[in-house]
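Here are some friendly notes to read alongside the structure. Please keep the view open while you go through them.

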Amino acid sequence: MISRTARFNTQIRIPNLKEKLTMNSPQRNASIVVGASSGIGKATALHLAQTGNRVVAIARNPEALAECARVAGTRFEPLALDITADDAQSNLQVFLRDHNYAVKNLVYAAGVVKPIQPLLRSETSDLERHFATHVTGFLTLLRACESFWHNPARVIVVNSDSATTARAGWGLYCTSKAALEMACRVLQLELRESGVALACVKPGPVSTSIVDAALSADPADFPDREVFVHAKETGTLADPDQIAEFFGQLLENVAWDEFASRDWDYRTDR
Ligand SMILES: NC(=O)c1ccc[n+]([C@@H]2O[C@H](COP(=O)([O-])OP(=O)(O)OC[C@H]3O[C@@H](n4cnc5c(N)ncnc54)[C@H](OP(=O)(O)O)[C@@H]3O)[C@@H](O)[C@H]2O)c1
């Protein structure tokens, strides 16, 4: 049986030196980018770091993140994390607390597109992975940030035309992106009062590994492959750096109320 004193002692923990320093120092603003190892997320993380922001760059591939950090310098802080892992929320919370960060901006650019095939040929585990990456992972991230928001804060969720346009062969992606869009609509209503503005931003087709996957898909499984072939051949694929710059404008130069008032599209709002 635990004595009264022993029970009492277990409830008091003396902060260590690092925690004491953290408790007494002002919070430092940070921008979190998830999906920062390639494509749109990588370009955004590098752009934000190069324009003077402290960036917490999250993805699973530590080597790719370390390579970006070598280019971007100390403002680019890599955090190798699988946003779908059970311990993702607690690991991110510990990281934010230990660094005394206040989350001013958050860009959610994690994404997967494979396998590209008819929906009924897909495994349940594939559907779960798509939902985990596009929806559950995003909610995990918001939960982790709950006690760390700067006021006001902004969240960009990178979404796709596929949230509202059905494409044969792209059912896993379309279904989970549609769910993400509705999650965003609900969260816009729920978070705004606490100073967190959330906007879905559609970049249109961008030259990244997701479009590469579309281009190399079997046309029998993915009839819309031609749409991407045409975009590539006519030079209408955007470059990730152009999208990054657009995101930078939305985070830095658009008034908070305007940012929060609607969804954005690179093709019409740039
Ligand atoms: N490219 C387009 O035309 C286009 C159009 C509309 C919307 N989008 C959206 O834009 C976003 C970025 O895609 P992209 O085109 O830039 O493709 P990408 O180059 O493949 O980037 C996807 C990123 O997500 C990360 N990621 C995937 N699963 C993750 C996980 N479980 N935990 C943490 N990070 C994870 C990947 O890094 P690791 O593999 O290192 O984890 C990678 O950094 C996606 O949401 C995509 O749906 C793209």
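1. Residues are numbered from 1 along each chain as its sequence is written.

2. A word on confidence. Where pLDDT is low, the predicted coordinates should not be read in detail.

3. Now the sheet. Seven strands make up an open sheet with parallel pairing, in the order 3-2-1-4-5-6-7. Strands here are DSSP runs of E with at least two residues, helices are runs of H or I with at least four, and both are numbered from the N terminus; two strands pair if DSSP finds at least two bridges between them. At the edges are strand 3 (76-80) and strand 7 (264-265), each of which pairs on one side only. Helix 3 packs on the sheet and touches strands 1, 2, 3, 4 and 5 (149-158); its direction makes about 160° with that of strand 1 (axes are lines fitted to C-alpha atoms, for helices over the stretch in contact, and angles run from 0 to 180 degrees between N-to-C directions).

4. Strand 1 (residues 28-34) pairs with strand 4 (residues 101-108) in the parallel sense over seven bridges. Along this pairing, S31 stands opposite N105, I32 opposite L106 and V33 opposite V107. Four bridges join strand 1 to strand 2, again in parallel, and there V33 has A57 as its bridge partner.

5. Are these strands buried or exposed? Five of the seven residues of strand 1 are buried, so this strand is largely enclosed by the rest of the structure. Strand 4 is mostly covered, with seven of its eight residues buried. (Buried means 20 or more other C-beta atoms within 10 Å of a residue's own, exposed 12 or fewer, and partly exposed in between, with C-beta atoms placed from the backbone.) Strand 4 also runs parallel to strand 5, joined by five bridges; one of the bridge pairs is V103 with W149.

6. Next, the ligand. It is surrounded by 31 residues, the closest being G35, G39, R60, N61 and G111 (near means a C-beta atom, placed from the backbone, within 6 Å). Helix 3 (39-50), strand 2 (55-59), helix 6 (124-145) and helix 8 (209-215) each supply at least two residues of this shell. By class, the shell has 16 nonpolar, 13 polar and two charged residues (nonpolar: Ala, Val, Leu, Ile, Met, Phe, Trp, Tyr, Cys and Pro; charged: Asp, Glu, Lys and Arg; polar: the others, Gly among them).

7. Finally, look at L215 in helix 8. L215 is partly exposed, with 13 other C-beta atoms within 10 Å. Not counting residues up to four places away in sequence, L215 touches R225, F228, V229 and K232. L215 and K232 are 17 residues apart in sequence, and their C-alpha atoms are 9.0 Å apart in space.

Note on methods:
Predicted model: local features only at pLDDT ≥ 70, side-chain atom pairs only at ≥ 80, totals over all residues. Contact = placed C-beta atoms within 7 Å.
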